[in-house]
Amino acid sequence: MDFALSAEQLDLQGRARAFVSDVLQPRETEFERAGGRVPRNWGDPIRQAAIDARLHGGALPREVGGQGWTVMEQVLVHEQLGQSTGGLWSYIPGAYNVLIHADPDQRRRYLDPSLRGERTGSYAITEDGAGSDARDIRATAVRDAATGEYVLNGQKWFVTGPDDTDFMIFHCHVVDGEAHRPTLFLVDYDTPGVTLRHDPDYTHTFADRHPQFVLSDVRVPASSVLGGVGRADELTNEWFVEERIHIGARCAGAMERLLNLAVEWATERVQFGERIYDFQGVSFPLADSAADAAAARLLTRHCAWLADSGADRKLVHAKASLAKLFASEAAWRCADRVVQVFGGRGYMREFAPERFLRELRVDRIWEGTSEIQRLIIARALEKRGVDRVVG
């Protein structure tokens, strides 16, 4: 393994770093003060700046209009995105990786405008009774033999997307007699029968909202099927693996910014005639977090290297869980330590450590809780072998 970055990778990393420092970070406190409830056009300058910096659609292949980044390049960018608060990186135009399976008409209607920053899609999988175990999903699609349409019914929670989100990827079971075949459908929000039931506030203040939707006898054509009937579990798992790697990278980036803020503050703050950094009760927790940050970055980059090297997909799945588990738990510890270093200021929302403390908590929950990651890792230890999982 050689993690030395090429000239092209260094350029990409630099563009992402400049985008975060020049575009995202200056707007963090304004977004927080607004409680995330900003006008529809508030994110447009971010979208355009991302396109200008060639950061849009990064993970998607060039043949469908993306940047064609390797997994390592995706990690390098997400390490930088993690150094902003408010989830403002959600304004970067792009699309879920399952849309690479879109047919030409679906690309024209959904993927192409998403990459232009004109549309955004959400992923509707979680239900009130089905979270970690997607096998318990109750949402259904039934084919109407007379019209050839599918009739969709179901309730979805945590349907995540920013303010321009106007379609969803609906994960349900196509019911055909006794058969229940997990399938993805592309569904526009303005389709009759689609209702936004609740748009709750959460601990974090993010560009993404996480509303709840009800679909009642929603009729869509057969051309709305994404990737083929019966393929939802396979395609959704591809998304989960990618998202877990991205979360690991963003958590590593968040720790880097937190540590920079803490070291700067603690080396300038004087109490009892000494820098507080010279008190071991302040500096030692930061040293622990530095070790965590370095380990999280290496775990995530190693997983990316394996994915780019064509390693066994199931091993990459386990490594992605390993990276997400460690990085998300470590980032939460780091944020808590840095808030303590800042004292009362660490509890003020205008200071980034307070925002990170609220925002990083969700990384231990979404795209598979820490407990689910532990299950995946434990099974991999048995099936793949300890040496392959930890090596």
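This is a predicted model: local features need pLDDT of at least 70, side-chain atom pairs count only at pLDDT 80 or more; totals for chains, interfaces and linings use all residues.
Let's start inside. The largest nonpolar core has 41 residues, and the ones touching the most other members are Val98, Leu152, Met168, Phe170, Phe185, Val187 and Leu215. The largest share comes from β4, which gives six residues. As general background, nonpolar side chains in soluble globular proteins tend to be buried together.

Now zoom in on Val187. If you skip residues up to four places away in sequence, Val187 touches Leu152, Phe167, Met168, Phe170, Val194, Leu215, Val218 and Val220. There is also another core, lying apart from the largest one, with 31 residues that include Ala254, Met255, Phe342 and Leu357.

Back to Leu152, which sits in strand β3. Is Leu152 buried or exposed? Its relative accessibility is 0%, so Leu152 counts as buried, the cut-off being under 20%. Leaving out neighbours within four places in sequence, Leu152 is in contact with Thr140, Ala141, Phe170, Phe185, Val187, Leu215, Ser216, Asp217, Val218 and Val220. Val194 makes a handy reference point here: Leu152 and Val194 are 42 residues apart in sequence, while their C-alpha atoms are 9.6 Å apart in space.

One of those Leu152 contacts, Asp217, deserves a look of its own. Asp217 lies in strand β7, and its phi is near 50°, a positive value in a residue other than glycine. Is Asp217 buried or exposed? With a relative accessible area of 53%, Asp217 is exposed, because the cut-off for that class is over 50%.

Phe158 is another residue with a positive phi, about 55°, although Phe158 is not a glycine. You'll find Phe158 in the loop between β3 and β4. Its relative accessibility is 38%, so Phe158 counts as partly exposed.

Finally, the surface. Which residues make a nonpolar surface patch of about 250 Å²? The patch is made by Leu381, Val386 and Val390. Of these, Val386 has its place in helix α11, which covers residues 386-390.

Key. Residues are numbered from 1 along each chain as its sequence is written. Side-chain values use heavy atoms; hydrogens and water are left out. A nonpolar core is a set of buried Ala, Val, Leu, Ile, Met, Phe, Trp, Tyr and Cys residues joined through side-chain atoms within 4.5 Å. Buried means under 20% relative accessible area, exposed over 50%, partly exposed in between (1.4 Å probe, protein chains only). Helices (H or I, at least four residues) and strands (E, at least two) are DSSP runs, numbered from the N terminus. Contact means heavy atoms within 4.5 Å. Patches are made of residues with over 30% relative accessible area and no salt bridge: like charges are joined within 9 Å, nonpolar side chains (Val, Leu, Ile, Met, Phe, Trp, Tyr) within 5 Å. Accessible areas come from the Shrake-Rupley method with a 1.4 Å probe; for residues, only the protein chains shown count as cover. A salt bridge is a side-chain nitrogen of Lys or Arg within 4 Å of a carboxyl oxygen of Asp or Glu.
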